[in-house]
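Have the picture open beside you as you read.

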Amino acid sequence: MLAFVLKRLALTGLMLFGLVCITFVVSNVAPSDPAALAAGPDATRDMVETIRREYGLDRPLHEQFLRYVAGLLQGDLGRSIVTTRPVSVDLARYFPATLELVLLSMTLGVLLGVPLGMASAVLKNRAPDHLTRFVAVSLVALPAFWFGILLQLLFSVHLEWLPTSGRLDVATPPPPPITGMILFDSAVAGQWATFRDAVSHAVLPALVLSFPCLASILRVNRAEMIEVLSSDYVTAARAHGVPPLRVVCVHALRNAMLPTLAIIGLRWGWMLGSTVLVETVFDWPGIGLYAVSAAIAGDFKPVMGVTLLIGLNFMIANLVVDILYGVLDPRLRTSS
Amino acid sequence: MQDFTIGRRGAIGAGLGAAGLLAAPRVLRAFERDGNRKILVFAGGQPVPVLDPHVRYDWSTRMIQQSVYDALAKYVNDPPQIVPWLAERWEASPDQRVWTFHLVGNARFHNGDPVDAEAVRYSFERGLRLNKGVAWMLKDVLPPENIQALDARTVRFTLTRAMPSFLTYIPMWFIVNPRQVQANIANNDYGEGWLTTNAAGSGPFRIRRFEPQSVIHLDTVPDYWKGWPMGEQRRLSGLIYRIVREPAARRALLQRGEADIITEIPADDFEVLRTMRGIRPEDHRGMTTFAITMNTTRGPTADLNVRKAIAHAMDYDALIQIHNGAATLMTSPFPEQIPGYIPVPGMPRRNLDLARQFLARSSHPNGGFELEYVHVQGLEDPRRIGLALLNSLQALNIRVNIVAQPWPTMVARGSRAETAPDMVSVYVTPVSTDPDVIAGKYHTRAHGNFWGMHHLTDRQLDQWVDAARVETDEARRNALYADIQRRIVEVQPEIFGMLANRRWLMRDYVRGFAYCPLRLTGEIDTYPLWIDAA
């Protein structure tokens, strides 16, 4: 297992380097002049040149690349030309918000998707199954941008049940920062009013972000459960008088969970990347919003930083899934 | 297979639980409060990435800067006027090269330090040496060593040449506390790193919380040196600028009472909301010009007769309709509020016969060509204007290819004559009342800037613009600007469009709103605002 993990870690490094190359090339082939944009519309040519020099944009492209890679090796992701701060500082500021949202959404997706998939498999081809599958397909198909606004109009404007956007009420001071995740930090600080406020703000964005994930988990889990429930060992368990709930929840689910785990791993990376739309609609100040603002301003160091961070998360998630595969299925452990 | 059912009691319980979960955080309120005082919430779509007043300005950034810093003078009213602020008076030498400002004696920075002449000198020097943001306004005429603090309350600027417009830029130069800045310098950066997220000002507000992407919470300064126009009793506790990118979300915030003022409102939403109970519209004539700039060096639009034909074929009524009537057609390249403005005779309006006559005189008498019209991706009004242009030019047998591009791409393309699109939609907001700000758009030195995407080269125009900017006699200066306006229309580097209204929606308890068209797009003056409600 250790050799397997080490091999995967080495591959992760290679993949990250590939990602660095791709993001650098894509960022620099785009016809844009970040220095001119940062200098502002009224800036004179020498003012633009001042900024270009300050950010090393006057150097040849290959030199810029080598400097960037050298910086990365020391943990330096460069400096944002818009915020003028190091990208790593900005990411440290915005990533916890995204992580909080993704964790919430993933939790919702798993907690709802797995049981619904099981129920759907057990009630195969009956009305609840059809309804669940219809809802699952709809949830995948709904554009997050549109659906988010729709939920805002319903729950915030018409019903006035939930806040419209943001992470906290504007007049609510955030809890003392520990992780940057307000739910966690306010709970640790015992600030329950802040915690409740944060929960009410998180409900809609977390729901919107969780739906595609929930639907994928549900569909995969349903398919696997149907296959497992018709296998010989499940029949044998039933014949031995094992209670039906135990057959489904223990015997069948364990084997059906393997592909579901793979989906969860994939969805983790996907969700980090797709927070862009949700964060924009709900003004959730995470890395998605940060990346969008930077891209609009032609500020590529933050875009590259966010891409690398998401890529790294994707790879780590896959690695964790691979390891969990081994834990859940002893045959895989032996073969590896 | 074993059937699994959920009991009725379980289903009801689950339903009530879900409903309770959703219903629990129900919010119904008016404005935010802080003890006995009120907090005003303003929602706009643009973040404030950098607070440093000498590094960057755009509408949201300048609004916050204006709230926490003071300048020697300030723009107020409509039409815009410059009124004394940190300076109680000033005088210029007859040749308008030497400007002397006399400071008020009671101004204090937020930490208690006096705002003295040295602070003013330091702030201007800092802005010029950083060579960013506001530097372009004065850098050609004001070497840093030509700023002198004559005594604690007198500062003198000696310009290298006459600059009649000097005073019009002064409200954009905010004064920072040198002691605080010096204490936070790193790597000879003039405190730039620190001032990005911190303030060292003397303005009516101080920073409580600065989240550049989401919330900026300002507290009023109780003993603000200039006092409070609404009186101490009515003074706000603070002001929150909330960044909400989606217009639909901003609208929802206003309706729910989560925001007291919103801006950047789509025309259709504005019409719906303005009549709602408890909501008051502010709808004022703006100074932001909209034009469709044409490439004067390349392709069919290099031909003056083609440009004239296009300008006379354009359906100008459509520009007003797109804004639901909240816009005014330009009658000159200058907005009306700019000194020296004249309504230019012969300003093109839709006249297809005349358009065909111009086209017949061009190198493409029968049309039959295609022009690219580029607008900023995601902006609805310029896209619809593109459709109006497409319809208009069909009458001349000219096809229009409407292309949406990201702002950085559009600007990069337009910076060179070879790559600049045939036609581009351009909004320009003047930062001062100096006519040179507008006239300079048509000078050859504008090439490379986004408003210079026409790449027009007209020696006569250049000569007049250069002469006008140093002319100290007002009558002669105005005469030159009249010539400049007529000449710009004559050479037709763009289709002169409209001045869209500036619009805000606010709760009817908001008082003190004072419009000044010289503020940038959604910017408001936060100082006089208060809430009149129990």
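## A hairpin and some backbone turns

Start in chain B with the hairpin of β5(B) and β6(B): it has 5 residues between the strands, and one residue here, Gln96(B), takes a positive phi near 55 degrees. Keep in mind that this is a predicted model. The two strands, β5 (residues 87–92) and β6 (residues 98–103) of chain B, run antiparallel and are joined by 5 bridges. If you want a pair to look for across them, find Trp90(B), which stands opposite Phe101(B) in β6(B).

What makes a positive phi worth a look? Most residues other than glycine have a negative phi, and most peptide bonds are trans.

With that in mind, which residues sit in the loop between α5 and α6 of chain B? One of them is Asn187(B), in the loop between α5 (178–182) and α6 (192–195), and Asn188(B) is found in that loop too. Asn187(B) is not a glycine, yet its phi is positive, near 55 degrees. For Asn188(B), also not a glycine, phi is positive at about 55 degrees.

Now for a peptide bond: the one from Asp78(B) to Pro79(B) is cis, with omega near 0 degrees. You'll find Pro79(B) in the loop between β3 (73–76) and β4 (81–84) of chain B.

| Residue | Phi |
|---|---|
| Gln96(B) | near 55 degrees |
| Asn187(B) | near 55 degrees |
| Asn188(B) | about 55 degrees |
| Gly241(A) | near 85 degrees |

## Out in the open, and tucked away

That glycine, Gly241(A), follows helix α10(A). The helix covers residues 232–239 of chain A, and of its 8 residues the number buried is 0, so α10(A) lies largely in the open.

For a contrast, go back to chain B and find Gly44(B) in strand β2 (residues 37–44). The cut-off for buried is 20 or more other C-beta atoms within 10 Å; Gly44(B) has 25, so it is buried. Its contacts beyond four places in sequence include Ser60(B), Tyr241(B), Ile243(B), Thr263(B) and Gly522(B). Val244(B) is 200 residues away from Gly44(B) along the chain, but their C-alpha atoms are separated by 5.8 Å.

Notes: Residues numbered from 1 in each chain as written. Chains lettered and ligands numbered in written order. Predicted model: local features only at pLDDT ≥ 70, side-chain atom pairs only at ≥ 80, totals over all residues. Buried ≥ 20, exposed ≤ 12 C-beta atoms within 10 Å, placed from the backbone. Helix = DSSP H or I, 4+ residues; strand = E, 2+ residues; numbered from the N terminus. Contact = placed C-beta atoms within 7 Å. Pairing = 2+ DSSP bridges.
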